[in-house]
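Hello,

Here is the structure I promised to pass on to you. Have a look at it first, and then read on for what I found in it.

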Amino acid sequence: MSLPSPLSQHIIRRPQRIALLGHIAEQGSITRAAKSAGLSYKAAWDAIDELNNLAQKPLVERSVGGKGGGGAKLTQEGERVLRLYQRLQVLQAELLGSDEAASDFNLLGRLMLRTSARNQLHGQVVAIDSQGRNDRIRLQLAGDLYLDAQITHDSTQRLELQAGVEVVALIKAGWLELRAIGHPETPGHNCMSGVIEAILDAEDGPSEVRIALPNGQVLCALAPPAALLVLNAAEGQPIQVQFAPSNVLLGTPV
């Protein structure tokens, strides 16, 4: 029943998001599952994206649109994680039988980090290339996708990075640049191809664009409406996402 370390920590610190899996299994709809879990429709989408990105395999399969806001069901991996979460609920109830135990559990929760970065991708270090005071860290994501991060050599040592270490790559949505398929890549940058899953417009700011990668992980980018018009961006359209390695932050389980 082993899980990636970032996902295991997520189960502990964000149990309401894991519980959403149970509602999806029961309801078969993101809209109805969100209502049952006490979440907004957007928050439910965000939760699913984060869970799928932290897992080695997608936990939820979904179809956009249709009656009830689109169908959704758990994958086999999602069912496995849900069973583990239900087992942990039983163990937690036994563990927190006293006020002192509950206080200790809350302390552990405060020591675990939450970030504002919309994109959190689970990966594994496969190579480290020293470049002066900086290191270029090559990460392997699920589905044999790769990305590079550039951090200082001191950070590499502090995080105790080496081949095989599991990490979470953090990328702010505003750091992603959308480009048309076939557009020349900027040398040294990360470039990934995917399909636009949804475009969420805002009245007073950039639109939020969700891009589904071939491995089932989802990236969230921010783009001005004018830029989306130039790209003829629309749901279901292939798109490229580019970002600099220096805009990738790395975190490791505590």
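One definition before the sheet: two strands count as paired here if DSSP finds at least two bridges between them. Please also keep in mind that this is a predicted model.

**Overall**

The chain has 254 residues, and 43% of them count as buried. Its secondary structure comes to eight helices and twelve strands. Looking at contacts between residues at least 6 apart in sequence, 63% link residues at least 24 apart.

Five strands make up an open sheet, in the order 5-4-3-6-12, with antiparallel pairing. Strand 5 (146-152) and strand 12 (249-251) are the edges: each has a single partner strand, so one side of each is left without a neighbour in the sheet. From one strand to the next, the twist averages 45°.

At the strand 12 end, strand 6 (residues 166-171) runs antiparallel to strand 12 and is joined to it by three bridges. If you want a residue pair to find this place by, leucine 170 has leucine 249 in strand 12 as its bridge partner. Helix 4 (residues 41-54) packs on the sheet, where it touches strand 3 (119-131) and strand 6. The direction of helix 4 makes about 40° with that of strand 3.

**The cores**

Which residues of the largest nonpolar core touch the most other members? They are Leu147, Leu161, Leu178 and Leu250, out of 33 residues in that core. For leucine 147, setting aside neighbours within four places in sequence, the contacts are Leu121, Ile137, Arg138, Leu139, Leu141, Ala169, Asn190, Met192, Phe243 and Val248. Another core, of 21 residues, lies apart from the largest one and includes Leu20, Ala44, Ala47 and Ala72.

**A glycine in a loop**

I also looked at glycine 236, which sits in the loop between helix 8 (225-231) and strand 11 (238-243). Is this residue buried or exposed? Residues over 50% relative accessible area are classed as exposed. Glycine 236 has 53% relative accessibility, so it counts as exposed. Even so, glycine 236 touches Val195 and Ile196, not counting residues up to four places away in sequence. Glycine 236 and alanine 212 are 24 residues apart in sequence, with a C-alpha to C-alpha separation of 9.5 Å in space.

Note on methods:
Residues numbered from 1 in each chain as written. Predicted model: local features only at pLDDT ≥ 70, side-chain atom pairs only at ≥ 80, totals over all residues. Heavy atoms only, no water. Helix = DSSP H or I, 4+ residues; strand = E, 2+ residues; numbered from the N terminus. Axes fitted to C-alpha atoms, helices over the stretch in contact; angles between N-to-C directions. Contact = heavy atoms within 4.5 Å. Core = buried A, V, L, I, M, F, W, Y, C linked by side-chain atoms within 4.5 Å. Buried < 20%, exposed > 50% of the residue type's maximum accessible area, 1.4 Å probe, protein only.
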